Amino acid sequence: MLRIDIESADVIERPKKAGGFYYQQVAYVHIVGRDGPERYPQKIFLYVPIEGGNPAPKKPGKYILSPSSLRVSNSQLELGFVNLEPVK
């Protein structure tokens with residue numbers, strides 16, 4: 001599975017076109033290409049869920065992409081909503 005590092009619990013607030021806001025958090029994903037692991041992780045933005053009316057970012061730490069994030073649609077493998085599991 002993909003390894004994802006979160007260095008900060010800071011949340012980025014972004015406006016929605018229809019009004020209101022959505023929230024994101026910076027993370028870094030370690031990609032493995034055809035020639036092996038990439039030398040540096042890639043910066044990504046994760047959507048932050050809302051719990052109790054407030055954004056609930058992930059705590060800083062090391063995570064892996066949960067298999068529950070993957071789905072099959074029209075015989076194609078897709079990435080759904082990103083679910084992370086802490087590395088033990």
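## The aromatic pair

In this predicted model, Tyr-22 has a relative accessibility of 26% and therefore counts as partly exposed, while Tyr-47, with a relative accessible area of 52%, is exposed. The rings of these two residues have their centres 5.7 Å apart and their planes at 45°, so the pair is classed as tilted, an angle that falls between the cut-offs of 30 degrees for stacked and 60 for edge-to-face. The count of aromatic pairs comes to one.

Tyr-22 belongs to strand 3 (residues 21-30) and Tyr-47 to strand 6 (residues 42-47), so the pair ties together parts that are 25 residues apart in sequence.

## A charge over a ring

Another aromatic residue, Phe-45, has Arg-14 lying over the face of its ring, at 5.2 Å from the ring centre.

## The largest pocket

The largest pocket has a volume of about 280 Å³, and its lining is made up of 15 residues, among which Leu-46, Tyr-47, Pro-49, Phe-81 and Val-82 lie nearest the centre. Strand 6 supplies the largest share of this lining, with four residues.

## The loop at Ser-69

Ser-69 is placed in the loop that runs between strand 9 (61-65) and strand 10 (70-73), and because its relative accessibility is 1%, Ser-69 counts as buried. When neighbours within four places in sequence are left aside, Ser-69 is in contact with Glu-78, Leu-79, Gly-80, Phe-81, Val-82 and Asn-83. Phe-81 and Val-82 are also among the residues that lie nearest the centre of the largest pocket.

Notes: Residues numbered from 1 in each chain as written. Predicted model: local features only at pLDDT ≥ 70, side-chain atom pairs only at ≥ 80, totals over all residues. Heavy atoms only, no water. Helix = DSSP H or I, 4+ residues; strand = E, 2+ residues; numbered from the N terminus. Buried < 20%, exposed > 50% of the residue type's maximum accessible area, 1.4 Å probe, protein only. Contact = heavy atoms within 4.5 Å. Phe/Tyr/Trp six-rings, centres within 6.5 Å; stacked < 30°, edge-to-face > 60°. Lys NZ or Arg CZ within 6 Å of the ring centre and 35° of its normal. 1 Å grid on protein atoms, 1.4 Å probe; cavity = no way out; pocket = protein on both sides within 12 Å on 5 of 7 lines; lining within 4 Å. Points joined across faces, edges and corners; volume = space filled by probe spheres on them.
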